[in-house]
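Hello,

Here is the structure I said I would pass on. Please open it first, then read my notes below.

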Amino acid sequence: MPMFITYASYSQAGAKGLIDKPADRSGAIKALIEKAGGKMIALYFTTGSNDVVLVSEVADGSDAVAVGMAVAASGALSKIETVRAWTSSEFKAIAEKAAKVAGAYTPPGKS
């Protein structure tokens, strides 16, 4: 299954909910990902521009986006971004594909 990394930040309402009723959110997040047919690989709470970093496996990008939309719709997040992650060998195969098709592209301003 493809791997995805999700970066998220709590909204004011989400932060207030955590303060009003502190809880380990990993169970709720894991249950949501499993409901979408996926698997939670890792979950970290961070400082800086993101509050949460989630690593998960789901069948495809639409499942990853659906999970993010479900959480975003709750109002608990102010920002969410999900990106596809590739292993080194997977990315090598992508680079090999790019090498095969690169000659077919002409950059703007070149004839």
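**What I found**

Buried residues account for 23% of the 111 residues in the chain. Please keep in mind that this is a predicted model, and the values below are computed from it.

Start with the overall fold. The chain has four helices and four strands, and in sequence order they run β-α-α-β-β-α-β-α. The C-alpha trace spans about 60 × 30 × 25 Å along its principal axes. The radius of gyration of the chain is 18 Å, whereas a compact globule of 111 residues would have one near 13 Å. Among contacts between residues at least 6 apart in sequence, 66% join residues at least 24 apart.

Next, the surface and the charges. The chain exposes about 7,600 Å², and carbon and sulfur atoms supply 60% of that area. There are 12 positive and 10 negative charges, and their mean positions are 3 Å apart.

Which residues make up the largest nonpolar core? That core has 12 residues in all: F4, A8, Y10, I33, M40, L43, V52, L54, V58, A64, V67 and L77. Strand 1 (3-10), strand 2 (39-45), strand 3 (52-57) and helix 3 (61-73) are the elements that each give two or more residues to this core. Strand 1 provides the largest share, three residues. As background, nonpolar side chains in soluble globular proteins tend to be buried together.

Leaving out residues up to four places away in sequence, M40 touches S26, I29, K30, I33, L54, V55 and S56.

- **S9.** This residue is in strand 1. Is S9 buried or exposed? S9 counts as buried because its relative accessible area is 9%, and the cut-off for buried is under 20%. Neighbours within four places aside, S9 is in contact with S49, N50, D51, A76, L77, S78 and K79.

- **G37.** This residue lies in the loop between helix 2 (26-35) and strand 2. G37 has a relative accessible area of 46%, so it is partly exposed. G37 and S9 are 28 residues apart in sequence, and their C-alpha atoms are 24 Å apart in space.

- **R84.** You will find R84 in strand 4 (residues 77-85). With a relative accessible area of 28%, R84 is partly exposed. R84 touches P2, M3, F4 and E90, not counting residues up to four places away in sequence. How far apart are the C-alpha atoms of R84 and S49? They are separated by 19 Å, and the two residues are 35 residues apart along the chain.

- **D60.** The loop between strand 3 and helix 3 holds D60. D60 is partly exposed, as its relative accessible area is 35%. D60 and M1 are 59 residues apart in sequence, yet 7.5 Å apart in space, C-alpha to C-alpha.

Then go to D60 and M1, with their C-alpha distance of 7.5 Å, and finish with G37 and S9, at 24 Å.

Regards

Terms used: Residues numbered from 1 in each chain as written. Predicted model: local features only at pLDDT ≥ 70, side-chain atom pairs only at ≥ 80, totals over all residues. Heavy atoms only, no water. Rg over C-alpha atoms; globule rule 2.2 N^0.38 Å. Buried < 20%, exposed > 50% of the residue type's maximum accessible area, 1.4 Å probe, protein only. Contact = heavy atoms within 4.5 Å. Areas by Shrake-Rupley, 256 points an atom, 1.4 Å probe, with all protein chains shown as cover. Lys, Arg positive; Asp, Glu negative; His and termini not counted. Charge placed at Lys NZ, Arg CZ, Asp CG, Glu CD. Core = buried A, V, L, I, M, F, W, Y, C linked by side-chain atoms within 4.5 Å.
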